[in-house]
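Here is a walk through one protein chain. Keep the sequence and the 3D view open side by side.

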Amino acid sequence: MWWWDARVTTLFKRNLQPTLTYWSVFFSFGLCIAFLGPTLLDLRCQTQSSLSQITWVFFSQQFCLLVGSCLGGAFKRTLAQSLLALFASSLAISVVFAIIPFCHNVVVLAVVMAMAGLAMGCIDTLSNMQLVKIYQKDSAVFLQALHFFVGFGALLSPLIADPFLSDTNCILTNVTANGSSNLPHIRKSLVPHHPGNLSHYDLPTKGLVVTRVSYAFWIMALINLPVPFAVFLLLYKERLVPCCQSSSPPLLPADELALETRAADKDDSSTSSPKIHPEIGHGDLFGCCQSKNFRGVPCSYFAVHVTGALLLFMTDGIMGEYSGFVYSYAVEEPLSVGHKMAGYLPSIFWGFITMGRLISIPVSYRMKPATMVFINVVGVLITFFLLLIFSYSVVFLFVGTASLGLFLSSTFPSVLAYTEDILQYKGCATTVLVTGAGLGEMVLQLLVGSIIHDQGSYSFLVCGTIFGALAFIFYVFLLFFHRMHPQPQSDMDLSPDKSPPVGEPELYQS
């Protein structure tokens, strides 16, 4: 590729199979994260539950996703543990898709979605960790590609579900309910555990259930099946399948052997140099908090973790609350956009997020992660200011939605790459940042939903502007703590534009 140098191309070629495997696993993550919203009303009919009851399924998935993100790092101790956890998680997603049509009780459905959330959390943490481990200083471009695949999966699952969604009430009764003709509006207004102003719709809970949404879940289960198979092939290639293990490691090609030799020489030469702080490996969130990991580390070590997590708490929270409430904001006064036209806004938002992640793949190779984060947070803040100024313009709402999607698209992988680079890949940044992002997405949705309910739709943009300003402030603090954080002498000798040595990224083979 014209925008890669030979060193990165060689690293990519030698790690082609694991890289493609982690990307495919993140496609599973995207497929699972986006299907619930469009299908929720049909699942309400399947479980014969009320709107307020079925929205708890959202909360069940998101809460367990957060728990899975916290615990996922516990499987990172060895490559075998990581790949086995990814295999189990990706297979669990296919199993969840397959058994959802048989869940006729809302509590059972919530438990099944909790299992999916745990699997998604493990995938989120482990895939990011493994790519950072493989590529280290070159990880930014591969993290951007990783997060493109989650966007691709999130775009695909609603398209698969759409032909099987009910256009009218899917529970047939002798009495016509006043919500039957408003199902498209209700479907687009539902957000995690916040029915909002939809409680006045009287949707029946008893009667003959008529829905075809089961076919959508079975199709997604089949589409996802190649993913655990790909993880199994990687396990087999690395001779980590329990029944097929071998004592001798696989031979390396000539170019990979040269890289191994250079890396070994570099390790031998670096053993005599003192370390500024002890090496602290990645782990689960609770393992990272053990006191033995904090001996001898500077205060800036903690500050970098906290400010990075708070920055992603805001940016991922903005992503969640904007996609969840932009439709409801558009159909209310003063804009009063038609339901059909307003329904395009979430699709435009996620479409531009996916496009932005695709664009960021080549851009991230030429641009430093810190610069990309600056462009992202400033762009988000300016976009919200303009949305406030032109709050009566329907056209600018669509333009601003697209702009916001572009600026938010590459924030997470850029912040992760930047923070890991500051900490020299010795901290718990991936676990802490993934947890902070998941917590922000869940908490800010609930917070903004409550504020809109009490203060009105205009507070939607005010909240976004405040969150954008806080994200910028946390970015400034992250820059400040980066300056404070001590760097190894070898990094101080490198100029900002100089590439790291060929052998620097950690090699995949163990």
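The paragraphs below go from the whole chain to a few local features.

This is a predicted model, in which local features need pLDDT of at least 70, side-chain atom pairs count only at pLDDT 80 or more, and totals for chains, interfaces and linings use all residues. Residues are numbered from 1 along each chain as its sequence is written, and side-chain values use heavy atoms, leaving out hydrogens and water.

Start with the whole chain. It has 21 helices and two strands. These elements are DSSP runs, numbered from the N terminus: helices are H or I with at least four residues, strands are E with at least two. Of the 510 residues, 56% are buried. Buried means under 20% relative accessible area, exposed means over 50%, and partly exposed lies in between (1.4 Å probe, protein chains only). The accessible surface is about 21,600 Å², and carbon and sulfur atoms hold 67% of it. Areas come from the Shrake-Rupley method with a 1.4 Å probe; for residues, only the protein chains shown count as cover.

Now go inside. Ser69 sits in helix 4 (residues 51–72). Ser69 counts as buried because its relative accessibility is 1%. Leaving aside residues up to four places away in sequence, Ser69 touches Gly121, Cys122, Asp124, Thr125, Thr431, Val434 and Thr435. Contact means heavy atoms within 4.5 Å.

Next, look at a helix pair. Helix 16 (residues 369–389) and helix 18 (residues 411–422) pack at about 140°, with axes 8 Å apart. The axes are lines fitted to C-alpha atoms, for helices over the stretch in contact, and angles run from 0 to 180 degrees between N-to-C directions. Helix 16 brings Pro369, Ala370, Met372, Val373 and Asn376 to the contact, and helix 18 brings Thr411, Ser414, Val415, Ala417 and Tyr418.

Lys137 lies in the loop between helix 6 (106–135) and helix 7 (139–161) and Asp421 in helix 18, so the pair ties together parts 284 residues apart in sequence. A salt bridge also joins Lys237 and Glu238 at 3.9 Å, N to O. Lys237 is partly exposed at 35% relative accessibility, while Glu238 is buried at 12%.

Definitions and conventions:
A salt bridge is a side-chain nitrogen of Lys or Arg within 4 Å of a carboxyl oxygen of Asp or Glu.
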